[in-house]
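This report describes the arrangement of a protein chain for a reader who is new to structural work. The sequence and the structure are shown first.

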Amino acid sequence: MKRENKITDAEWEIMEVIWECKKIRAYDIIKKLEYKTTWSDKTVRTLIRRLVDKNVLGIEKEKFNMYYPLLSKEECVKEATDKFIDKVYKGSIGLLVSNFVKNNKLTKNDLEVLKNVLEDSDTKEKQ
């Protein structure tokens, strides 16, 4: 599901908490992030509001506003990955993989996983 505005790095931190908890109030998000960030309560609430405005978070009115994800982590990861590949590699997954393999030490297990993914992709393409 495409969104007009991508999730920023700071918003991603908020989403990680929400994906983990499924449904949570702002106060609890603030508490979970207080050891990980130096953000004020106001900053966290601003980030939550932005995510609601972007239709990434929903609000359920209970005793307190409860926030829940409207997008799965997998959807957001796919969108961020697609945008990165488009921006850096002009949409070429082949260039991405080639660059990654050339510049990183891959273990035998890594190569086996990559081989299996490529074979699986080839099989699906032929169907």
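The sections below treat the sheet, the core, selected residues, the aromatic rings and the backbone in turn. The model is a predicted one.

## The sheet and the helices that cross it

In general, strands of a sheet pair through backbone hydrogen bonds, either parallel or antiparallel. Here, three strands form an open sheet in the order E1-E3-E2, and their pairing is antiparallel. Strand E1 (24–25) and strand E2 (57–61) stand at the edges; each has a single partner strand, so one side of each is left without a neighbour in the sheet.

E2 and strand E3 (residues 65–69) run antiparallel and are joined by five bridges. These two strands form a hairpin, with three residues between them. Within this arrangement, glutamate 60 stands opposite methionine 66 in E3.

H1 lies across E1, E2 and E3, and runs at about 95° to E3. H3 packs on the sheet as well, touching E2 and E3, and its direction makes about 105° with that of E2.

In soluble globular proteins, nonpolar side chains tend to be buried together. The largest nonpolar core of this model has 20 residues, of which Ile14, Met15, Ile29, Val44, Ile48, Leu51 and Leu57 touch the most other members. Helix H1 (9–21), helix H2 (26–33) and helix H3 (41–53) each supply at least two residues of this core. H1 gives the most to the core, with five residues.

Which residues does isoleucine 14 touch, if those up to four places away in sequence are not counted? Isoleucine 14 touches Ile29, Leu33, Trp39, Val44, Leu47, Ile48 and Leu51 on that basis.

## Two residues in their surroundings

Leucine 33 lies in helix H2. Its relative accessibility is 1%, and because buried means under 20%, leucine 33 counts as buried. Residues up to four places away in sequence being left out, leucine 33 touches Glu13, Ile14, Val17, Trp39 and Val44.

Alanine 10 is found in helix H1. At 23% relative accessibility, alanine 10 counts as partly exposed. Leaving aside its neighbours within four places in sequence, alanine 10 is in contact with Trp39 and Leu47. Alanine 10 and lysine 78 are 68 residues apart in sequence, and they lie 18 Å apart in space, C-alpha to C-alpha.

## Aromatic pairs

A pair of aromatic rings is described by the distance of the centres and the angle of the planes. The structure holds two aromatic pairs, which are set out in the table.

| Pair | Centre to centre | Angle between planes | Arrangement |
|---|---|---|---|
| Tryptophan 12 and tryptophan 19 | 5.3 Å | 75° | edge-to-face |
| Phenylalanine 84 and tyrosine 89 | 6.0 Å | 70° | edge-to-face |

Tryptophan 19 counts as buried, at 11% relative accessibility. In the other pair, phenylalanine 84 is partly exposed, with a relative accessible area of 41%, whereas tyrosine 89 counts as buried at 14% relative accessibility.

## Residues with a positive phi

Most residues other than glycine have a negative phi, and most peptide bonds are trans. Where does lysine 22 lie? Lysine 22 lies in the loop between H1 and E1. Its phi is near 75°, a positive value in a residue other than glycine. At 57% relative accessibility, lysine 22 counts as exposed.

Lysine 90 likewise has a positive phi, of about 50°, although it is not a glycine. Lysine 90 is found in the loop between helix H4 (73–89) and helix H5 (93–103). With a relative accessible area of 74%, lysine 90 is exposed.

How values were computed: Residues are numbered from 1 along each chain as its sequence is written. This is a predicted model: local features need pLDDT of at least 70, side-chain atom pairs count only at pLDDT 80 or more; totals for chains, interfaces and linings use all residues. Side-chain values use heavy atoms; hydrogens and water are left out. A nonpolar core is a set of buried Ala, Val, Leu, Ile, Met, Phe, Trp, Tyr and Cys residues joined through side-chain atoms within 4.5 Å. Buried means under 20% relative accessible area, exposed over 50%, partly exposed in between (1.4 Å probe, protein chains only). Helices (H or I, at least four residues) and strands (E, at least two) are DSSP runs, numbered from the N terminus. Contact means heavy atoms within 4.5 Å. Rings of Phe, Tyr and Trp (its six-membered ring) pair if their centres lie within 6.5 Å; planes under 30 degrees apart count as stacked, over 60 as edge-to-face and the rest as tilted. Two strands pair if DSSP finds at least two bridges between them. Axes are lines fitted to C-alpha atoms, for helices over the stretch in contact, and angles run from 0 to 180 degrees between N-to-C directions.
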